[in-house]
Amino acid sequence: MTDIPLVDLHAAHAEIAEEVREGFDRVLASGAYIKGPDVTAFEREYAAFSGVRHAVGTANGTDALELALRALDLPAGGGVVLPANTFVATAEAVVRAGLRPVLVDVDEEHLLIDPARVAEVLPDAVALAPVHLNGQLAPMEALLELAGDRPLVEDGAQSQGARRHGRPSGSWGRIAATSFYPGKNLGAYGDAGAVVTDDEDLATAVRLIGDHGSGRKYVHERFGFNSRMDTLQAVVLRAKLRRLPDWNEARRAAAERYDKLLGGIDGLTTPRTLPGNEHVWHLYAVRIERGRDAVLAELQAAGIGAGVHYPVPVHLQPAFRSLGHAEGAFPVAERAAARLLTVPLFPQITEEQQTRVAEVLARAVGRAA
C-alpha cells in the first residue's frame with residue numbers, strides 16, 4: 001500500500017469537487033460536449049495566464065506540440081533541435097509533424113538543454129524545441145540568440161506558471177505547447193493540451209489543423225486531423241487554473257522543505273534552479289550516486305510512491321534507433337537517466353509526509369553507499 005503517493009490527485013479534486021460538479025451539470029444540460037462555451041472561456045483565461053494573446057485547446061499535449069510544429073509550415077524532413085533528456089513525446093511530435101529530431105545533450109547542473117551543444121548542430125536545424133523540464137524554463141535568452149530566424153517551439157508540458165526573468169512559460173518562442181495530463185501542475189480529468197502564441201495566423205492554423213482543417217462545416221481548407229478539447233475537461237481546467245498560482249506556491253514551499261531535509265545526505269544531490277527562473281516544481285528529482293534502483297525499491301516497500309522519470313533517454317529508445325546514436329552519445333543525459341529519482345511532491349503534501357520521505361530516503365541511500 002502506498003501511504004504517500006507520488007502525486008495526490010484525490011487531494012486536488014477535493015478542493016474543486018463542488019465547482020466541477022456544477023460545471024459538469026451545466027455541460028450535460030447544454031449538450032455542448034465539444035468546443036463548448038467553457039472551452040472558449042478556458043482558452044481566453046489560459047492565454048492571459050500565459051501572457052500571450054491566443055490559446056487553442058487540443059486533445060492532448062503530444063498533439064499540441066505536433067500542431068504547433070505543423071502550423072509553422074517548416075520544410076519537410078527539416079531538423080528540430082531538442083534535448084535527449086525529455087519524455088519521448090517531444091521527439092514523437094517532431095516525427096509526426098514530418099520533421100526530424102536533432103538531439104543534443106543537457107547541462108550537468110540543471111539538466112536543461114545546453115546552448116553550447118545546440119550551437120554545434122544549428123546548421124542542421126530549421127527550428128528549436130527546448131523543453132522546460134520538471135517545472136523550470138530552459139535558458140531561453142541564449143537559445144533565442146542562437147536561433148536567429150529559426151522559430152522556437154516551447155515544450156511547456158511541465159511548466160504551467162513558471163517564469164524566467166519574470167516572463168511566463170509559453171511567451172518566449174513563436175509558439176508553445178503544453179499538456180494537461182492529470183498529473184501535471186494543471187491537470188485535466190483525462191487527456192487534454194493547448195497551444196499558446198502571440199501570432200494570430202499561427203493560432204488560426206493550429207485551430208484549423210486540429211479540427212480536420214476546417215473553419216466552416218464540411219469546408220476543409222487544409223489537411224488536418226481531430227484534436228479538440230472536450231468541454232468537460234475545460235470545466236476541470238478552469239476550476240484548477242483559478243487555484244494554480246496558490247498550488248504552485250505550495251509546491252515551492254515543499255521544494256524548499258526538501259532542500260533542507262535532504263541537503264546533507266552523502267551520495268544524494270538535490271535539484272538546482274537555473275538563475276533567473278521561478279520554478280513550479282512539477283517534479284522534485286534527486287540524484288542518487290550509487291544504487292538508485294535499490295533506493296527506489298526501499299522507498300516503495302515503505303509505502304512511499306517514489307518513481308523514476310525517463311530511465312532510458314530518447315536516443316537509446318528502440319523506436320528511435322534510426323537516429324543512429326549509440327550509448328555514450330549524450331553522456332550527461334545518460335548519467336541522469338541512471339541516477340535520478342523522483343520523490344512525492346504535490347501542493348497538499350504535509351511537512352510530516354516530507355519528513356518521513358526524507359528519513360526513509362536517507363536510510364536507503366546510506367545502505368546503498
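These numbered points walk through strands, pockets and salt bridges in a predicted model.

1. Begin with strand 2, residues 79–83. Strand 2 pairs with strand 3 in the parallel sense, over five bridges. Within this pairing, Leu82 stands opposite Leu103 of strand 3.

2. **Cover on strand 3.** Strand 3 spans residues 100–104. Four of its five residues are buried, so the strand is mostly covered. Buried here means under 20% relative accessible area.

3. Three strands line up in the order 12-14-15, with antiparallel pairing. Which strands stand at the edges? They are strand 12 (268–269) and strand 15 (340–343). Each has a single partner strand, so one side of each is left without a neighbour in the sheet. Strand 14 covers residues 284–288 and pairs with strand 12 over two bridges. Look for Thr269, whose bridge partner in strand 14 is Arg287.

4. **The largest pocket.** This pocket holds about 580 Å³ of space. Its lining has 27 residues. Nearest the centre lie Phe87, Ser179, Tyr181, Lys184 and Tyr310. Helix 3 (61–71), helix 4 and strand 8 (175–179) each give two or more residues to the lining.

5. Which element gives the largest share of the lining? Helix 7 does, with four residues. Helix 2 (37–50), strand 1 (54–58), helix 7 (200–209) and strand 10 (214–216) each supply at least two. The lining is made of five nonpolar, seven polar and five charged residues.

6. The whole structure has 27 salt bridges. One of them joins Glu43 and Arg207, at 3.3 Å from N to O. Glu43 sits in helix 2 and Arg207 in helix 7, 164 residues apart, so this pair links distant parts of the chain. Arg207, at 41%, counts as partly exposed.

7. **A salt bridge between loops.** Asp211 and Arg228 meet at 2.8 Å, N to O. Asp211 lies in the loop between helix 7 and strand 10. Arg228 lies in the loop between strand 11 (219–220) and helix 8 (231–262). The pair therefore ties together parts that are 17 residues apart in sequence. Asp211 is buried, at 12% relative accessibility. Arg228 is partly exposed, at 28%.

8. **Helix 8 to strand 13.** Arg252 forms a salt bridge with Glu278, and their closest N and O atoms are 3.1 Å apart. Arg252 is in helix 8, while Glu278 is in strand 13 (residues 277–278). They are 26 residues apart. Arg252 counts as buried, at 13% relative accessibility. Glu278 counts as partly exposed, at 36%.

9. **A network.** Which residues are linked in a network of salt bridges? Arg26, Asp38, Glu45 and Arg238 are.

How values were computed
Residues numbered from 1 in each chain as written. Predicted model: local features only at pLDDT ≥ 70, side-chain atom pairs only at ≥ 80, totals over all residues. Heavy atoms only, no water. Buried < 20%, exposed > 50% of the residue type's maximum accessible area, 1.4 Å probe, protein only. Pairing = 2+ DSSP bridges. 1 Å grid on protein atoms, 1.4 Å probe; cavity = no way out; pocket = protein on both sides within 12 Å on 5 of 7 lines; lining within 4 Å. Points joined across faces, edges and corners; volume = space filled by probe spheres on them. Nonpolar A, V, L, I, M, F, W, Y, C, P; charged D, E, K, R; others polar. Salt bridge = Lys/Arg side-chain N within 4 Å of Asp/Glu carboxyl O.
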